[in-house]
Amino acid sequence: MKMSNSESSIINWKNVFSESETFVNNKPFKFCFIENFLNRDFFEKLYQVYPKIDESWDELNMIHKHQYNREWDPENHSEFTQEGDDPNLDANWNIFKKYVESDEFIENIKEFSGVAVNKLKYFRFIDYKKGGFTQPHAHDDGPDTLVMMLYFSKNGKKGEPGGTFVATDYDEESIIFEPYNLDNSLVIFHDGPNSIHGCRYITKDVARHSVQITLEKYSSETGWSGRTEESHNEQKKNSELIDIS
Ligand SMILES: [Fe+2]
């Protein structure tokens, strides 16, 4: 475990590493839930200035999901999260995002998970309101992709939707885990063909603030190990060619 003095006040690394065995051994894919992820004082600083939904957010109102997304530095966003600050966010969010990009953070998550990630791919805010949901799905990225959902909601109640569930099939009867404490907690899973997850329909007038952090293996020669728009289009083109022949 790497921990420099300046950054040791950001994440409760001992807490994180105590869940490492659970993560590695969970079936049918690697996942776990970590409470008290951030140092409480630092969490409160971020919580107080979690960005409000405004024109910098996108409302995704589709057949399979209804949520609000805000990219990091939306004015300069291209396909992936760029390095550097978001000038429209509070200094503490910039401190946190910079730490998530650092070798210390990435090396620790790599050691915790055993997954060969080495770069931040996405850092985005995801918010759900009443009527929000995401149907069970799997991205089938990987083999070196980790997805983390970090929660900033204090009024989660046992049995109520809003957190990211994990499931063994594409229906809510197959849910094997759903988090209810959304106050400074994290769901992390290893992306792959079986990593089914989603968010149940929210019927109450609540806000479910979160941040999605995706780490992946990256090489300057071959690019991202997981899916990109380019590789996705290429795959589609190839499958169309196969269909024709
Ligand atoms: Fe997803």
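What radius of gyration does the chain have, and what value would a compact globule with 245 residues have? The chain has 18 Å, which agrees with the value near 18 Å for a compact globule of 245 residues, where the radius is taken over C-alpha atoms and the globule rule is 2.2 Å times the number of residues to the power 0.38. This is a predicted model, in which local features need pLDDT of at least 70 and side-chain atom pairs count only at pLDDT 80 or more, while totals for chains, interfaces and linings use all residues. Residues are numbered from 1 along each chain as its sequence is written.

Along its principal axes the C-alpha trace spans about 60 × 45 × 40 Å, and the chain holds 6 helices and 13 strands (DSSP runs numbered from the N terminus, with H or I over at least four residues for helices and E over at least two for strands). Among contacts between residues at least 6 apart in sequence, 76% join residues at least 24 apart, a contact being two C-beta atoms, placed from the backbone, within 7 Å. Buried residues make up 36% of the 245 (buried: 20 or more other C-beta atoms within 10 Å of the residue's own, with C-beta atoms placed from the backbone).

Helix α5, residues 103–113, has Phe 105, Ile 109, Phe 112 and Ser 113 buried. Seen down the axis of α5, these buried residues fall within an arc of 85°, so they line one face of the helix; the arc is that of the directions from the helix axis to the C-beta atoms. The elements against which they pack include α4 (91–101), β6 (145–152), β9 (183–190) and β11 (208–216). After α5 comes Gly 114, with a positive phi near 75°.

Beyond its neighbours within four places in sequence, Leu 150 contacts Phe 37, Leu 186, Ser 210, Val 211 and Ile 213.

Strand β4, residues 119–128, is mostly covered, with 7 of its 10 residues buried. It pairs in the antiparallel sense with β3 (residues 65–71) over 4 bridges and with β11 over 9 bridges, pairing requiring at least two DSSP bridges between the strands. Asp 127 in β4 is the bridge partner of Tyr 68, whereas Tyr 128 has Arg 208 of β11 as its bridge partner.

Technical notes
A residue is buried if 20 or more other C-beta atoms lie within 10 Å of its own, exposed if 12 or fewer, and partly exposed in between; C-beta atoms are placed from the backbone.
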